[in-house]
2 protein chains.
Amino acid sequence: MSLRFALLGLLDVQPSSGYDLTQRFARGIGSYAWSAKHSQIYPELRKLTDEGLIEITETGARGRKTYAPTPAGREELRGWLLGKPNAGGARNEFVLRLFLLSSLEPEEAVAVLDGTLRFAREQEALLEQEFAAAVAEAGVPSGSSPGLAARYGIHSYRALAEWADWARAAIAGDPTFGHRR
Amino acid sequence: MSLRFALLGLLDVQPSSGYDLTQRFARGIGSYAWSAKHSQIYPELRKLTDEGLIEITETGARGRKTYAPTPAGREELRGWLLGKPNAGGARNEFVLRLFLLSSLEPEEAVAVLDGTLRFAREQEALLEQEFAAAVAEAGVPSGSSPGLAARYGIHSYRALAEWADWARAAIAGDPTFGHRR
DNA sequence: GAGGCCATGTAATGAGTTACATGATTAT
DNA sequence: ATAATCATGTAACTCATTACATGGCCTC
């Protein structure tokens, strides 16, 4: 049920084709918020069109169709954003791994955490650049949607790095880690 | 495909019944890592049993069956943990909302962020207590799995709060926010 | 003995992935 | 011309949720 709102939201920021949306889900937003494949996107665009929530605003080469939300679609999106979020139900394989680390031997767990730490710092740096680019392009302000998203990523990767760093030390100093007999 | 590893991991930390696992998915781990309903858990436990990856170690009242991983199951889990994580594909409705905030009027977006900020601080405080309890119970060390998970939550809620705080200010200072005509 | 929670299961439906399939345009 | 990428769609399958269904145990 969230996919439709993800699509409405992305289209509201920037009218796009199914192909464009597929790319946008594969990077950025797809890493922390939501992701979908083209085989799910195209049928959903069809449904949204049939329900009058989006419309084709432009057609281009290779059968390309650019969609944008209709006023009804914007209302739908607003209603969802202002409604109560239903918590829970998160799915993140990457985080799941970290939660299950205690099934490894301490040295192995430390090695995994080292990898995590490197990865988190890398991503953080990457997003820092992206954010700078967004700011530069938009002029002065930074509260535009690409900026918000990049900044969110920066904060969460920094948190991940800090945690990994702490966890590494905690495991090393915990003789009971791994509860192996 | 991740569900089976989530189950193996949870059972490795603490042998449990399907009912117990359902509860564990509903709180803690279910908020950031993975979640599942009992109707998915029971059939998966059956499959894992048939494949010899877990076994019933105890039966109790009301048909209660306590499962634990077999050596083969532990190997399976280890293999997955040490393998390469396939990135992307995260799903988090809560974060999705935040990404789509620019479809609201500035004042509305700020109100949502205020709610987010309160929520994040609340959760952080709650986990801080939980962590303290985990440390107290386990004796001195803090690297045991409940401690790791709680600590992860603390870091990510703190990051969320920091971001929400920043985003609030950024939106207020951005005249182009909401790109409404 | 009644109400609540513990405990397990199945069926129907919906969401999401992988694989199959096709063709137009662009750059080299 | 040929390879890469753009662009859309469908089919088969697996994963996940909601709803249906049943019964035992425990407390009051």
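Around DNA strand C there are 18 residues, the closest being Ser39(A), Gln40(A), Tyr19(B), Tyr42(B) and Lys65(B). A residue counts as near a molecule or strand if one of its heavy atoms lies within 4 Å of it. This is a predicted model, in which local features need pLDDT of at least 70, side-chain atom pairs count only at pLDDT 80 or more, and totals for chains, interfaces and linings use all residues. Residues are numbered from 1 along each chain as its sequence is written, chains are lettered from A and ligands numbered from 1 in the order written, and side-chain values use heavy atoms, with hydrogens and water left out.

**DNA strand C**

H4(B) gives the largest share, 3 residues. Helices here are DSSP runs (H or I, at least four residues), numbered from the N terminus. By class, the surface has 5 nonpolar, 7 polar and 6 charged residues.

**Chain B against chain A**

The contact (heavy atoms within 4.5 Å) takes 69 residues from chain B and 69 residues from chain A. About 6500 Å² is buried between the chains, and carbon and sulfur atoms give 64% of that area. Buried area is the accessible area (1.4 Å probe) lost when two parts are put together, summed over both. In chain B, Arg91(B), Arg97(B) and Phe99(B) lose the most area to chain A, together 12% of what that side buries.

How many salt bridges link chain B and chain A? The count is 2. A salt bridge puts a side-chain nitrogen of Lys or Arg within 4 Å of a carboxyl oxygen of Asp or Glu. Glu108(B) forms one with Arg78(A), their closest N and O atoms being 2.7 Å apart.

On the side of chain B that touches chain A, the elements giving two or more residues include helix H1 (2-13), helix H7 (106-138) and helix H8 (145-172). H8(B) gives the largest share, 15 residues. By class, this side has 34 nonpolar, 21 polar and 14 charged residues.

Terms used
Ala, Val, Leu, Ile, Met, Phe, Trp, Tyr, Cys and Pro count as nonpolar, Asp, Glu, Lys and Arg as charged, and the others, Gly among them, as polar.
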